[in-house]
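Visitor: Could you walk me through this one? I'm new to reading structures.

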Amino acid sequence: MRVTAMKLYTKKGDRGQTSLFSGRRAAKFDPRVAAVGDLDELSASLGLARVVFPEANDLLSRAQKALYTISAIVSAEARKIDLAFDAAETAALEAEIDRATDALPPLRDFIYPGEAEASARLHMARAVARRAERSVAALDEPPAPESALAYLNRLSDLLFALARLADLHSGHADRMLGGHAP
């Protein structure tokens, strides 16, 4: 039996529409399609961060898997599927945030990103996470599950903590807005 490779292009989106998991055709500028795109960009940003901060590889890989679940939920709209977002994922992020912040000096002011490559990439991923969160929160009928929104909110907090940790591991101190030293 000969297996045929799947083509990367279908030509179905050439006129500015795409299919959602729900089966509905939607414009590529539809808010739901944009939210899925923002989640995809966030996953790619996490991939970049994994490359330069391997200490968080497993944690960021787990977050990428969670983002695929959230994307599927967003794309499914009201279609009955066997997908739910487990609030335990958010609790796991909170534990990681606590672990990271316990290892960091107290934060006394806003910080400028970019002291080391790993922290800069983590800060970039954090900014993308905030945008993805806004896009998902803006969806109305049906709205995104609260557990998914809480996860995205906590993920950006985790990325902030990891960025600070990456600076610490690379021997850099936070560069704070008011010039305060940690």
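Guide: Let us start with a term we will need later: a residue is called buried when its relative accessible area is under 20%, and exposed when that area is over 50%. Please also keep in mind that this is a predicted model.

Visitor: Okay, what secondary structure does the chain have?

Guide: The chain has five helices and four strands, and, read from the N terminus, these elements follow the order β-β-α-α-α-β-α-α-β.

Visitor: And what does the C-alpha trace span along its principal axes?

Guide: Along those axes the C-alpha trace of the chain spans about 60 × 40 × 30 Å, and of the 182 residues in the chain, 38% count as buried.

Visitor: Which residues of H4 are buried?

Guide: The buried residues of H4 include Ala-118, Leu-122, Ala-125 and Val-128, and also His-123 and Glu-133. Among the elements that cover the buried residues of H4 are helix H1 (31-52), helix H2 (57-76) and helix H5 (146-169), together with strand S3 (111-112).

Visitor: What should the span of H4 be, going by its residues?

Guide: Helix H4 covers residues 117-137, which is 21 residues, so at 1.5 Å a residue it should span 30 Å, and this agrees with its end C-alpha atoms, which are 30 Å apart.

Visitor: Switching topic, which residues touch the most other members of the largest nonpolar core?

Guide: That core has 40 residues, and those touching the most other members are Leu-42, Leu-46, Leu-122, Leu-155 and Leu-162. The elements giving two or more residues to this core are H1, H2, helix H3 (88-102), H4 and H5, and the largest share, 11 residues, comes from H5. As a general point, nonpolar side chains tend to be buried together in soluble globular proteins.

Visitor: What does Leu-46 touch, leaving out residues up to four places away in sequence?

Guide: With those left out, Leu-46 touches Leu-60, Ala-63, Gln-64, Leu-67, Ala-125, Leu-155 and Leu-159.

Visitor: Is Gln-64 buried or exposed, then?

Guide: Gln-64, whose place is in helix H2, counts as buried, because its relative accessibility is 12% and the cut-off for buried is under 20%. Not counting residues up to four places away in sequence, Gln-64 touches Ser-43, Leu-46, Gly-47 and Arg-50.

Visitor: Last one: how many positive and negative side chains are there?

Guide: The chain has 24 positive and 25 negative side chains, and the centres of these two sets lie 10 Å apart.

Definitions and conventions
Residues numbered from 1 in each chain as written. Predicted model: local features only at pLDDT ≥ 70, side-chain atom pairs only at ≥ 80, totals over all residues. Heavy atoms only, no water. Buried < 20%, exposed > 50% of the residue type's maximum accessible area, 1.4 Å probe, protein only. Lys, Arg positive; Asp, Glu negative; His and termini not counted. Charge placed at Lys NZ, Arg CZ, Asp CG, Glu CD. Expected span 1.5 Å × (residues − 1). Contact = heavy atoms within 4.5 Å. Core = buried A, V, L, I, M, F, W, Y, C linked by side-chain atoms within 4.5 Å.
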